[in-house]
Amino acid sequence: MSSTSSPVRDCVILGSGCSGLTAAIYAARANLKPLVLEGHEPGGQLSITTLVENFPGWPEGVQGPELIENMKKQATRFGAELSMAHLTSVDLMKSPFELTIGREVVHTRSLIIASGASARWLNLPSEQALIGYGVSSCATCDGFFASGKEIAVIGGGDSAMEEALFLTRFASKVTIINRSENFRASRIMLERAVSHPQIEFLHNTLVEEVLGVEEKDVRGLKLFNRKTHERWELPVQFMFLGIGHEPNATMFKDQIDLDADGYVKTEHNVFVSRQGVQMHGVYACGDIQDRRYRQAITAAGTGCMAALEVEKYLEELGR
Ligand SMILES: Cc1cc2nc3c(=O)[nH]c(=O)nc-3n(C[C@H](O)[C@H](O)[C@H](O)COP(=O)(O)OP(=O)(O)OC[C@H]3O[C@@H](n4cnc5c(N)ncnc54)[C@H](O)[C@@H]3O)c2cc1C
């Protein structure tokens, strides 16, 4: 890790998920010796999942952590430096940019923001223990594994309705569990879900525990009705969270343009702006700028694009 007196870096990459690591592979192969800050979740979201079946090149699927480990090896082989560091603050008004990492300060000519968007979880110990074993926050990724099963979707907004409707393609029955009486979902999405024959609703209901930790396989949910105080078990074999995502971009507030939910606004996927004017040397990739697709392959794709833009930018600077 660099210190205040260290030479200015050409490229720092914030995040070690598949967008950050793909950017690192490209930047390292361009001889930019990128520094990758791994953050609170080294390897990103794929490091907490099990089988990934939709990443091209793995006909039998690949374990998320193995895919990430291979990306890390590929990046370091070409000279990327990985650091188990968490960026605490950033000053993009300075040139070169100034990054504070605990007590260390790093200066860099370019920054790739690849800090992802963390799924919101219920944060129950049993839920956390079963992520990848029947608990998921990604219907597109894991819907196929729910084929023929009875499942639950947690949430009451549009993302929960959308997930539930998508999952009816696979699951035999979908129960939407909403903590309150009313739904935040738009009328049209709610109507679609209500009129679907495979979807049922539970209102005023909290999940107290996900059952199946010992077996490492979800077998049901322990539920509590907030109105009647009734407790019971719902037999399901999968639980999907549909309560949204939290983009990891708070530290950039006031420095770059974020949308109303805190995602980085980009042009052509990777160009970052401040007050509508494109910034030079700062790029974003992956889930931090993509609320629509949120896939490993799209994150990797934009990671590649960001690194190629860094290369061009540094070339223009005469580096
Ligand atoms: C359970 C689960 C299963 C999934 N399964 C699939 C699947 O099968 N197929 C698929 O295509 N997609 C899947 N996804 C989605 C996929 O994982 C994401 O789209 C992808 O990981 C996004 O990559 P990313 O690099 O943009 O961000 P992330 O993977 O979220 O990585 C963000 C990185 O930023 C770092 N970071 C954040 N803040 C800081 C900071 N201040 N300082 C330093 N570092 C920081 C974090 O530590 C992390 O390393 C799944 C997601 C989940 C949660």
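Which residues lie nearest the centre of the second largest pocket? Bear in mind that this is a predicted model, then select Leu122, Ile154, Asn178, Arg179 and Ile243: those are the ones nearest the centre, out of 16 residues that line this pocket. The pocket has a volume of about 290 Å³. Next, colour residues 205-211, which form strand E15; with three residues, this strand gives the most to the lining. Colour by residue type and the lining splits into seven nonpolar, seven polar and two charged residues.

Now jump to the ligand. It has 35 residues around it, and the closest are Ser19, Glu38, Glu41, Asp287 and Ala296. Colour that shell by type too, and you get twelve nonpolar, 18 polar and five charged residues.

Time to zoom in on some atoms. Select Ser19: an N or O atom of its side chain is 2.7 Å from an oxygen atom of the ligand. Move on to Asn54, where a polar side-chain atom sits 2.8 Å from a ligand nitrogen. At Ala114, look at the backbone instead, as one of its polar atoms is 3.5 Å from a ligand oxygen. Taken alone, the ligand exposes 1,000 Å², and the protein buries 98% of that.

Zoom out and show helices H1 (18-29), H4 (139-142) and H7 (296-316), each of which supplies at least two shell residues. H1 has the largest share, with three.

Last stop: why does the ligand lie between two domains? Colour domain 1 (12-118 + 245-316) and domain 2 (121-241); both give residues to the shell, so the ligand lies between them.

Note on methods:
Residues are numbered from 1 along each chain as its sequence is written. This is a predicted model: local features need pLDDT of at least 70, side-chain atom pairs count only at pLDDT 80 or more; totals for chains, interfaces and linings use all residues. Side-chain values use heavy atoms; hydrogens and water are left out. A residue is near a molecule or strand if one of its heavy atoms lies within 4 Å of it. A polar contact is a pair of N or O atoms within 3.5 Å; within protein, one must be able to donate a hydrogen and the other to accept it, and residues adjacent in sequence count only if both atoms are side-chain atoms. Accessible areas come from the Shrake-Rupley method with a 1.4 Å probe; for residues, only the protein chains shown count as cover. Helices (H or I, at least four residues) and strands (E, at least two) are DSSP runs, numbered from the N terminus. Ala, Val, Leu, Ile, Met, Phe, Trp, Tyr, Cys and Pro count as nonpolar, Asp, Glu, Lys and Arg as charged, and the others, Gly among them, as polar. Domain bounds come from an automatic or database domain assignment. On a 1 Å grid over the protein atoms alone, a cavity is a set of points where a 1.4 Å probe fits but cannot get out, and a pocket is an open set with protein on both sides within 12 Å along at least five of seven lines; lining residues have an atom within 4 Å of a point. Grid points are joined across faces, edges and corners, and a volume is the space filled by probe spheres set on the points.
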